[in-house]
Structures are given as structure tokens and as C-alpha cells.
Amino acid sequence: MTDNQIIKAITIISFIFLIAFISLHTIVPPSPDKKADISKNFSADRAVQHLNQIAKTAHPSGSIENEKVRNYTVEQLKLMGLKPEIEHSNHASLYPKMLTGGDMYNVIVKLEGNSSDHAMMMSAHYDSVQQGPGASDDGSGVAALLETIRVLKSAPPLKNDIYFVFTDGEEQGLMGAKEFWTKSKHKQKMDLIINFEARGTSGPSIMFQTSDHNGLDGKRICQSSPKSRYLILTRKSI
């Protein structure tokens with residue numbers, strides 16, 4: 001190999017590494033801002049405190065541990081001066097190709113705006129799989145919503161109502177979500193839905209699914225509310 005060929009090869013390899021570095025750097029989440037005023041801003045540190053309580057151990061739907069997570073979520077909402085309600089239902093379905101079901105307990109709380117003509121919904125599921133504590137899927141979503149509520153609660157009221165829905169039984173086949181869109185008295189109030197879900201354990205938050213109203217092919221259960229538009233955000237592994 002000649003000197004020119006060696007230089008050319010080194011240049012190409014260096015260029016590839018540079019592009020790879022830039023690509024990865026652009027999707028690495030920012031570090032928490034330690035100097036931010038937590039009374040007005042989202043605090044990742046406070047969210048992690050919630051996550052430490054939520055993800056102590058595996059808490060599949062129907063377990064005592066999942067009841068503890070539900071009680072913790074309700075307690076935190078009450079400490080913020082809100083009045084959460086629990087919608088109980090019994091659901092059974094085939095997912096995937098096996099019968100699953102049981103009692104579902106969705107936690108719902110409304111942050112009132114200046115107008116009730118339109119409403120937005122933000123959701124996450126609080127149950128985990130049987131094999132793990134669910135810190136990523138979806139304890140991170142629940143913790144993020146609890147911290148979001150705290151920040152919004154301390155600020156002036158927004159124009160429209162926001163409903164925060166913490167669903168049960170997601171890992172058994174979206175059962176809590178199905179029960180919400182089948183039976184909840186609140187479902188017709190939603191004009192926009194943002195669901196926080198997790199795939200992987202690291203990386204940035206991205207939108208990976210949306211409804212037909214937004215120009216893409218979305219096939220999530222949220223479509224059972226025909227007037228609503230929805231987005232599903234996830235943290236995807238790098």
C-alpha cells in the first residue's frame with residue numbers, strides 16, 4: 001500500500017468516526033440543570049426520587065407491590081392539592097394468544113385550566129412486567145408526569161384542562177388503556193393525547209407513533225376515541 005493510499009484510508013476512517021460521534025452526540029439527552037429553579041422548572045432529580053419509590057421491585061398488575069405503587073402515586077397527587085380518582089373495572093383479553101385479565105385500577109386526575117371546552121390528556125402506565133421493577137417501562141413515564149404536574153400546579157392556570165391518566169395492566173395487553181377508552185366517563189373530553197412509554201433503557205425521548213389525524217399511520221388503542229389526536233413518546237436505546 002502506497003503512502004497516498006494509507007493517507008486516504010486514514011482520512012476515510014477518521015471521517016466515519018467523526019460522523020458517528022456527531023450523530024451520537026446530537027441524540028444524547030442533556031444533563032440535569034443543577035442551577036435551575038425547581039419551583040418553576042422540571043427537576044430530573046425530583047423525578048428520580050419518585051422513580052426510586054416506584055421501581056423498588058417488580059410490580060405486575062394485580063400484585064400487592066403494584067397496589068403500593070398505585071397508593072404512592074395517589075398520595076403524591078393529594079400532596080399537591082389534587083383530587084385523584086380511581087376507576088375500577090374488570091377486563092379480560094387474549095394477548096398474545098393467551099387469556100389475560102383481572103381487576104384494573106386506573107388513576108385519573110385533572111389539572112383545571114381556565115376553560116373546559118377542550119382538554120389534553122397525558123398518560124403513562126404504572127404496572128411493570130413480572131421479571132423486573134419497571135424503572136424504564138414505565139416508571140420513568142410515571143415519575144416524569146408526577147414532576148410535570150408539580151411544575152404546572154405551581155404555575156398560573158393553563159388555558160385548557162389537562163387530564164393525567166396512570167393506567168394499569170399495560171404489560172398484560174394494554175388492558176387499563178382499553179378499559180379507559182371503553183368505559184371512562186372522561187374519554188370524550190380529550191382532544192389531544194400524549195402517552196409516555198419506554199423502549200430500551202437509554203437515549204432521548206422521541207415520538208415513535210402518532211394518529212392518522214397527524215398524517216402518519218397510528219394503530220394504538222387511543223384510536224378508539226375518533227375525535228382525539230395522539231402522540232406516543234418513548235425513550236429509545238442508542
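## A serine in helix α4

S140 lies in helix α4, which spans residues 135–154. Helices here are DSSP runs of H or I with at least four residues, strands are DSSP runs of E with at least two, and both are numbered from the N terminus. The side chain of S140 reaches back to the backbone oxygen of S136 at 2.7 Å. S140 is buried, because its relative accessible area is 18% (buried means under 20%, exposed over 50%, and partly exposed in between, with a 1.4 Å probe and protein chains only).

Before going further, a word on the model: it is predicted, so local features need a pLDDT of at least 70 and side-chain atom pairs a pLDDT of 80 or more, while totals for chains, interfaces and linings use all residues. Residues are numbered from 1 along each chain as its sequence is written, and side-chain values use heavy atoms, with hydrogens and water left out.

## The overall layout

Now for the whole protein. It has five helices and seven strands, and from the N terminus on the order is α-α-α-β-β-β-α-β-α-β-β-β. Of its 238 residues, 42% count as buried. Take the contacts (heavy atoms within 4.5 Å) with a separation of 6 or more: 72% of them come from residues 24 or more positions apart.

The areas come from the Shrake-Rupley method with a 1.4 Å probe; for residues, only the protein chains shown count as cover.

L18, F21 and I22 make a nonpolar surface patch of about 310 Å². Patches are built from residues with over 30% relative accessible area and no salt bridge, joining like charges within 9 Å and nonpolar side chains (Val, Leu, Ile, Met, Phe, Trp, Tyr) within 5 Å. F21 lies in helix α1, residues 3–26, and counts as exposed because its relative accessibility is 57%.

## The buried side of α2

Helix α2 covers residues 44–54, and A47, H50, L51 and I54 in it are buried. They sit on the same side of α2, because they cover an arc of only 100° around the axis (the arc is that of the directions from the helix axis to the C-beta atoms). What do the buried residues of α2 pack against? Their partners are α3 (64–79) and α4.

## Salt bridges

A search of the whole structure turns up six salt bridges, meaning a side-chain nitrogen of Lys or Arg within 4 Å of a carboxyl oxygen of Asp or Glu. One of them pairs K68 with E65, with the closest N and O atoms 3.3 Å apart. K68 and E65 are three residues apart in helix α3, so about one helical turn separates them. As a general point, an α-helix has 3.6 residues a turn, so residues three or four places apart point the same way. K68 is partly exposed at 47% relative accessibility, and E65 is partly exposed too, at 29%.

E112 forms a salt bridge with K110, the closest N and O atoms being 3.9 Å apart. E112 counts as exposed at 57%, whereas K110 is partly exposed at 30%.

Salt bridges that share partners join R46, E147 and R150 into one network.

Two backbone spots deserve a look. The peptide bond from D137 to D138 is cis, with omega near 5°, and D138 is found in helix α4.

L174 has a positive phi of about 55° although it is not a glycine. L174 sits in the loop between β4 (160–167) and α5 (175–183), and it counts as buried because its relative accessibility is 18%.

E197 lies in strand β5, residues 190–199. Is E197 buried or exposed? At 10% relative accessibility, E197 counts as buried. Its side chain makes a polar contact with the side chain of H125 at 3.3 Å. A polar contact is a pair of N or O atoms within 3.5 Å; within protein, one must be able to donate a hydrogen and the other to accept it, and residues adjacent in sequence count only if both atoms are side-chain atoms.
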